[in-house]
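These are my notebook entries on one structure. I looked up a few places in turn and recorded what I found at each.

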Amino acid sequence: MIIGHLNALPLAGLPSVLREILERPECTLAALAARDDGRWQPEGCTWFCHIGPAQTQPQAERHTEYHHQWADIQVVLAGEEIINAGMQSLAQAGDEERKPDLFIAPGAVHPVSITLRAGDFAVFLPGEPHQALCAVDEPMTVRKAVFKVPRALLEG
């Protein structure tokens, strides 16, 4: 897990491939916030981004997920959320695969809890469990950009 702010990328210690994505002119906070909701994939890129609103919920109502083939870069564009996370795999053979490469880890307990506000981001590498969209005080709508970066790009 890596956390940072879009206006302070050098301080985040990102792997070069992830830093190059977030340093693109179309990936500034202002540029992402101005983009229409939906999927966005620049021509020639193997990564893509989903932009749109999501509803935070009490922590007890949120699932923990992980991926095998994709890293997530979750950027808050408006609002705030808590993301709970761990740095060790929780993968079990019987975990539910809710969508392709979206696995649910039941009963997860997380040693790390971070609050993200506009411009803040969190990176979750393949296998790292995360429980996103937990409400800070009261449930609210947040707007996020979630970048999906293929594992092969990280290993190449």
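**Entry 1: a loop position.** I began with Pro-106, which I found in the loop between strand 8 (102-104) and strand 9 (112-117). I note that the model is a predicted one. Is Pro-106 buried or exposed? Its relative accessible area is 65%, and the cut-off for exposed is over 50%, so Pro-106 counts as exposed.

Entry 2: I turned next to the interior. In soluble globular proteins, nonpolar side chains tend to be buried together. Here the largest nonpolar core holds 25 residues, and Leu-14, Ile-73, Phe-121 and Phe-147 have the most contacts inside it. I recorded the elements that contribute two or more residues to this core: helix 1 (16-22), strand 3 (48-55), strand 5 (70-78), strand 10 (120-124) and strand 12 (141-150). Another core lies apart from this one; it has 11 residues, including Ile-114, Leu-116, Ala-122 and Leu-133.

I also looked up what Phe-147 touches, leaving aside residues up to four places away in sequence. Among its contacts are Ile-21, Leu-22, Trp-40, Trp-47, Ile-73 and Val-75, and Asp-72 is on the list as well.

Entry 3: Which side chain makes a polar contact with that of Asp-72 at 2.4 Å? I found that it is the side chain of Lys-148. A second polar contact, of 3.2 Å, joins the side chain of Asp-72 to that of His-67. Beyond four places in sequence, Asp-72 also touches Glu-65, Ala-122, His-130 and Val-146, among others.

His-67 sits in the loop between strand 4 (65-66) and strand 5. With a relative accessible area of 4%, His-67 is buried too. I noted that its side chain reaches the backbone oxygen of Asp-101 at 2.7 Å. The contacts of His-67 also include Leu-102, Pro-126, Gly-127, His-130 and Lys-148.

**Entry 4: positive phi values.** Most residues other than glycine have a negative phi. I recorded two residues with positive values. Asp-101 has a phi near 60 degrees; it lies in the loop between strand 7 (96-99) and strand 8 and is buried, at 10% relative accessible area. Leu-133 has a phi of about 65 degrees; it lies in strand 11 (130-134) and counts as buried at 12% relative accessibility.

**Entry 5: the largest pocket.** Last, I looked up the open space. The largest pocket has a volume of about 620 Å³. Which residues lie nearest its centre? Of the 24 lining residues, these are His-50, Glu-65, Lys-99, Val-146 and Lys-148. Lys-148 is also the residue whose side chain makes the 2.4 Å polar contact with Asp-72. Strand 3, strand 5, strand 7, strand 11 and strand 12 each supply at least two residues of the lining, and strand 3 gives the largest share, 6 residues. By class, I recorded 10 nonpolar, 6 polar and 8 charged residues in the lining.

Technical notes: Residues numbered from 1 in each chain as written. Predicted model: local features only at pLDDT ≥ 70, side-chain atom pairs only at ≥ 80, totals over all residues. Heavy atoms only, no water. Core = buried A, V, L, I, M, F, W, Y, C linked by side-chain atoms within 4.5 Å. Buried < 20%, exposed > 50% of the residue type's maximum accessible area, 1.4 Å probe, protein only. Helix = DSSP H or I, 4+ residues; strand = E, 2+ residues; numbered from the N terminus. Contact = heavy atoms within 4.5 Å. Polar contact = N/O pair within 3.5 Å; in protein donor to acceptor, adjacent residues only side chain to side chain. 1 Å grid on protein atoms, 1.4 Å probe; cavity = no way out; pocket = protein on both sides within 12 Å on 5 of 7 lines; lining within 4 Å. Points joined across faces, edges and corners; volume = space filled by probe spheres on them. Nonpolar A, V, L, I, M, F, W, Y, C, P; charged D, E, K, R; others polar.
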